[in-house]
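The sequence and structure come first, followed by notes grouped by topic.

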Amino acid sequence: MDNTDTFHILALDGGGTRGMYTAQLLAKIEHAFETRIKTCFDLIVGTSTGAIIAGAAVSDIPMQDIVELFETETPHIFRRRWYRIPLFLSKYPSEQLARVIAKHIPATPLGNIETPLMITSSEITKSEVHIFRSNYGSRDSEITPTNEGVCLRDAILASCAAPTFFAPKSIDNLLLADGCLWANNPSAIAATEALSVFRKAPQEIRMLSIGTGHSVNMYQQRRGWGFFTGWGGAKLTSYVMTLQAQASAHATKLLLKGNYLRVNPEIDRWEIDTLTQADNLKSLAARDFEAYAAKIRAFIFS
């Protein structure tokens, strides 16, 4: 970065296939500003689908390639088991997701990644949060680089293991699930990391936070409110993710004030495991880039 006094953060939400919006927006940034995302930020943080994009960014993979990943690989990732019994098996086999990640993301140990990277996950045995970090952890005595030998691909798979959609990922005797359970929008933890580990003051931080859509049509009044009939199973998961994302954005904005730029479009209740809204997501990304281009440029290059 040209301005060494400013600490630039990119925070990427979870949201399944709605990550198409994030990838397309970042591809627009790379094309318009003639740069790579990796060179624009001092810390990149991702949850779930955001972890895929973050992992690609620190690996210097063009964001247009990730747009194409969503377009071509989604049918393979979200191919249902023909023999699935909902009460006993996850909705989708994890092996399919693992093959796609292996095809597009390098098998780099986290300790070999130079760009500061955080990937969120959830340890479900002990009910604890778990964060994968690249090798920057050794800069602070309170943060030890315990995940140096973990493969970037495995960290991403753990962050993507959404309950009921995919089985948890076992890494180093830990049973890990999706980071969306506590940090679907990782803005707050990214800000905390900048303040505590990198010793930055709030006025030194510039954070660009990209969501995957805020649904404005989740629930309506009805007579029955059972798990499936009213709350709607997968809909409830999406609703909780949306609430966490809002809370994180609100807290980070209070902390960083004008140094926090949140880009997150209003959408209908679009599922996170289908690309039926792919064209709409790409159109929204193009629209929002035009609307926020000047602010994004200022955040990245100031």
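In this predicted model, helix H3 passes helix H6 in a right-handed crossing. H3 spans residues 49–58 and H6 spans residues 152–160.

**Helix pair H3 and H6**

- The contact involves Thr 49, Ala 51, Ile 52 and Gly 55 on the H3 side, and Leu 152, Ile 156, Ser 159 and Cys 160 on the H6 side.
- Two packed helices are described by the angle between their axes and the distance between the axes.
- For H3 and H6, the angle is about 160° and the axes are 8 Å apart.
- Angles over 145 degrees count as roughly antiparallel, and H3 and H6 are therefore roughly antiparallel to each other.

**Strands paired with E6**

- Strand E6 (residues 174–178) runs antiparallel to strand E3 (residues 117–123), and 3 bridges join the two.
- Ser 121 has Asp 178 of E6 as its bridge partner.
- Strand E5 (residues 169–171) is also antiparallel to E6, to which 3 bridges join it.
- Leu 175 in E6 is the bridge partner of Ser 170.
- The E5 and E6 strands form a hairpin with 2 residues between them.
- Asp 172, in the turn of this hairpin, has a positive phi of about 50°.

**His 8**

- His 8 is located in strand E1, which covers residues 7–12.
- The relative accessible area of His 8 is 1%, so the residue is buried, the cut-off being under 20%.
- A polar atom of the His 8 side chain lies 3.4 Å from the backbone oxygen of Thr 6.

Terms used:
Residues numbered from 1 in each chain as written. Predicted model: local features only at pLDDT ≥ 70, side-chain atom pairs only at ≥ 80, totals over all residues. Heavy atoms only, no water. Pairing = 2+ DSSP bridges. Helix = DSSP H or I, 4+ residues; strand = E, 2+ residues; numbered from the N terminus. Buried < 20%, exposed > 50% of the residue type's maximum accessible area, 1.4 Å probe, protein only. Polar contact = N/O pair within 3.5 Å; in protein donor to acceptor, adjacent residues only side chain to side chain. Axes fitted to C-alpha atoms, helices over the stretch in contact; angles between N-to-C directions. Parallel < 35°, antiparallel > 145°, perpendicular 65-115°, else oblique. Left-handed = near helix turned anticlockwise from the far one by under 90°. Contact = heavy atoms within 4.5 Å.
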